[in-house]
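Look over the sequence and the model before reading on.

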Amino acid sequence: MTGYDTIVIGAGHNGLVCATYLAKTGQRVLLLEAADTVGGLAADREFHPGFHAPVAHTLSHFSSKVARDLDLQRHGFNPGSSELPLVGVGNGEPVVVHDGKISGVSAKDQRAYLDYHGLLCRFAAVLEPFWLKTMPRIGSNSIGEVMTFAKLGLDLRRLGKKDMGEFLRIAALPMRDLVDEHFDNEQLKAMLCWDGLIGSKMAPRSPNSAVLALLYRLSGEMHGGHAIPSGGVSSLVSSLMASAENAGVDIRVSSEVSRIRIDSDKERQRATGVHLANGESFAADRVVSAIDAQRTFVNLVGVEHLDIGFTNRIRRIRSDGYVGKLHLALNALPEFRGVDRPDGRIIITPNMDAIEFAFDDAKYGNASAEPVMEVVIPSAADSSLAPDRQHVLSAHVMYIPYKARDGWTGAARDEVRDRAIDTIVKYSNGLRDQIVASEFLTPADIEATYHVSGGHWHHGDFAMDQMLMMRPTYEAAQYNSPIAGLHLCSAACHPGGDLTGLAGHNAAKELLR
Amino acid sequence: MSDLSQTDPFSGERPKLSPFHPRLEVLNVRDTWSVWNGYKFADCYYDAEYEYFCIRNTCGTYDICPMQKYEISGPDAEAMVNRMVTRDVRKLGRNRVAYTVWCTDEGRIIDDGTVFKLASDRFMVVCGSSCVAWLRKASYGFSNVTVKDVSDELAALSLQGPTSCAVLKKMGLQGIENAKPFNIQHFPYHGDTLMVSRTGFTGELGYELWVKRDLALTMWDDVYAAGEDYGIQPYGETATDMARLEAGFIMPYVDFTEALKTVHFEHDQTPYELNLGWLVDLDKPHFSGKQALMEEKKNGPKWRLLRLEIDGNWPAYESNVYDSESCNQDIGYVTSAMWSPAVKSNIALAMVRSEFLDGEIWAEIYKSKDLRPYRRMSKCTIRKKPFWTAARARSTPPADF
């Protein structure tokens, strides 16, 4: 057995970020990854020889602080590529939002969009510092922790009476109500809903946290815009890996942890290392889990080490994924009706009802009969992702339930894949003949491939009861756990999912206090 | 009955009938019934005090069919039960019973009950109110455990009193006299099994008899035939409450409130507050609430349940207790009180704030005489031991009759 200061379980981007921060302070850090490559859902995936796409196909609000701290640019990460146009295709003329401008809608909607975007960006700016902070403990009265909220309250107040009132009014609004208030164009409304909903079990009419999710995604320098860095999203992963190795992190892939070792003394239980599925064991002063909370506590710690109430709060985290992933290898650049060049994020849905109806199917365990989706051609931004003059189509398809009513079979998956392709073909006439190969990942496939419960991108819905000091649950919300020496640093923690690096950053900060 | 259930608009709301009901209904001379866990259940049958004296002097039977019974089985059963309860059931021998409590994460008591170890991978948990939701939560994460509610499948009868062992011997249960307290014995019985545990809630020599529901009346008749010359008498809730208070046993919703059903913060109790620290094994592996209980043990409980002997002969029903005769400071409240016929003393259980344990304790007692209220302040003395104990409750074999 080799002794480490810290073992990090899971080399997703948060695991890499946390491990690197710790190693930079001189800690001996071991980073263990079950898959044969690092990066988790952002890892490159060669789904057909020569054709590449990660599950997470764009970047929007990766923390610039993390990029700076970890010197990612020097390690090959170039986030400076331009923002992808957001293109909505449906019944009529496509609507395009790009660099704060909008086309394909009335002048009234164009003006409304500027107001809307400005308002949301002001709110996002108030919330932004919040995402980089450890949330106060419930019942804590420590000045520092109370100040976290006091500061937010003050910043909200500084927005002025009108904006503050508006913030409080819309914070829990369904996306549909928010966009209905602002716009006439159905296509525009549907595409603006998208970023509030994706990844969670939510549709335009669902109240709860879609607006907060949207504000979370509007944080950062891109203000909600998405981009594909040169070298693809996986260049973020490779730069994180290079930075980690440079800091001295010992990275081991194909090293699935089967158990976190728990020892107890008179005072309490303590995580002292890990056992691997291959029989190896490693000891460390502390263990940091960069995987989801359910796997961490139920599978790796074991419920016998946990209180019953705590265990059941972990159990009831809503973490069933609803997004499927379609990958197509194409022999040419596809054309979309009315779209000059398919180099944006193309939201395929005619209106909000279409999203809602697609969700209705999934609520009862069926894949949507008429799926809605976000299509990106990553190879249009980075030609290295496909062989010469050939292309990759990558689509997030909603809503594909993790728990299919009749279970997932190969045939069921093929049917959903074909349905998704049929939907795209409606807007891209020649596409069917361009397809060289295809792949569809249901949330169940994502779970099996990427070791993430429910195949959920964010390790749990971004919902009010699963946010802030309730994420993943109280008593584990400060990157801590009821077990001494066991910490969390994944999307299961505040502030949550997406490729941001924030959870990894915040956890490292907490550990180094 | 079937005709009634078709025409009776309240059929689904009427109390369930115990498998012993055909006998109970004849014996319940006063027709006094209440309901426990959905079962029609006797407060008393003839006269509560008479029934109490039967427990103490001859023997009585108490219908415990309404008790909730859960069978927990499978390779992970022991680990699952052990993680739920405060005692170490790994130390429990086969065919032994342990009284225990189980707690929330915060170390507050959810319920008390008994754990029967029937085999290395089979347990029965018996408690006073439904625990099925908690058991389901407690079993989550254990891959090889089955929790089955057997409350309605098993009939159970408590037989308590000095002559109880003699009754069972006469019934033909050979070797029953060798059962030590908390032992379980099994007897072949009409093609099935009669399980007898030396357990009870009276502080007496006593047994609890467990049999398949279909055999309930057969067993009742056998017990009553054998008990005829031994002063057997059914007793109800009122007599039980008297006997248990003398023995110092606590009653849910009288002396403590179940944590999961308590509305107000910390209106529930911890094992240490109820003097049940002996049930909390902090040396065993992790169990639910352990960390909180370790903290509490270190800091000391905020309240203590005290056994009080109170001057005078007015039972201190629902009394507040004070630090002085002049009621200077309210320091707690009485949970149970009675004039004890066996001890010939005015006894009570009371919850008192820990910081007042060393001072004087006075109970403010109200008594109505011909509808006119009278008030009296009575001095209380703390009793460390149970108010009443009997050597026969512990001796094996018990004295014969």
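Of the 401 residues in chain B, 47% are buried. The model is a predicted one. The points below start with chain B as a whole, move to its parts, and then turn to chain A.

**Chain B overall**
- Chain B has nine helices and 19 strands.
- The C-alpha trace of chain B spans about 65 × 55 × 55 Å along its principal axes.
- A compact globule of 401 residues would have a radius of gyration near 21 Å, and the 22 Å of chain B agrees with that.
- Take the contacts in chain B between residues at least 6 apart in sequence: 68% of them join residues at least 24 apart.

**Domains of chain B**
- Chain B is divided into three parts: domain 1 (15-67 + 152-247), domain 2 (68-149) and domain 3 (302-390).
- The centres of domain 1 of chain B and domain 3 of chain B, taken over C-alpha atoms, are 32 Å apart.
- Nine residues of domain 1 of chain B are in contact with 13 residues of domain 3 of chain B.
- On the domain 1 side of this contact, α3 (48-57) and α8 (237-247) of chain B each supply at least two residues.
- The largest share of that side, four residues, comes from α8(B).
- By class, that side of domain 1 has five nonpolar residues, one polar and three charged.

**A hairpin in chain B**
- Strand β5 (residues 96-103) of chain B is largely enclosed by the rest of the structure, because six of its eight residues are buried.
- β5(B) pairs with strand β6 (residues 109-119) of chain B in the antiparallel sense, over eight bridges.
- One example involves Trp102(B), whose bridge partner in β6(B) is Asp111(B).
- β5(B) and β6(B) form a hairpin, with five residues between them.
- Gly107(B), in the turn, has a positive phi of about 80°.

**Tyr322 of chain B**
- Tyr322(B) is in strand β15 (residues 320-322) of chain B.
- Is Tyr322(B) buried or exposed? Tyr322(B) counts as buried because it has 22 C-beta neighbours inside 10 Å, and the cut-off for buried is 20 or more.
- Leaving out residues up to four places away in sequence, Tyr322(B) touches several residues, among them Cys327(B), Ile331(B), Trp362(B) and Glu364(B).
- Tyr322(B) and Glu360(B) are 38 residues apart in sequence, with their C-alpha atoms 8.0 Å apart in space.

**Where chain B touches chain A**
- 14 residues of chain B are in contact with 15 residues of chain A.
- On the chain B side, α4 (77-84) and α5 (132-139) are the elements that give two or more residues.
- α4(B) gives the most to that side, with three residues.
- That side of chain B has five nonpolar, six polar and three charged residues.

**Chain A**
- The domain assignment of chain A gives domain 1 (3-42 + 62-77 + 232-318 + 458-511) and domain 2 (323-450).
- The centres of these two domains of chain A, taken over C-alpha atoms, are 30 Å apart.
- In helix α16 (residues 443-450) of chain A, the buried residues are Pro443(A), Ala444(A), Ile446(A), Glu447(A) and Tyr450(A).
- Seen down the axis of α16(A), these buried residues fall within an arc of 160°, so they line one face of the helix.
- What covers them includes β12 (323-330) and β16 (435-441) of chain A.

Key: Residues numbered from 1 in each chain as written. Chains lettered and ligands numbered in written order. Predicted model: local features only at pLDDT ≥ 70, side-chain atom pairs only at ≥ 80, totals over all residues. Domains from an automatic or database assignment. Buried ≥ 20, exposed ≤ 12 C-beta atoms within 10 Å, placed from the backbone. Contact = placed C-beta atoms within 7 Å. Pairing = 2+ DSSP bridges. Arc of directions from axis to C-beta. Nonpolar A, V, L, I, M, F, W, Y, C, P; charged D, E, K, R; others polar. Rg over C-alpha atoms; globule rule 2.2 N^0.38 Å.
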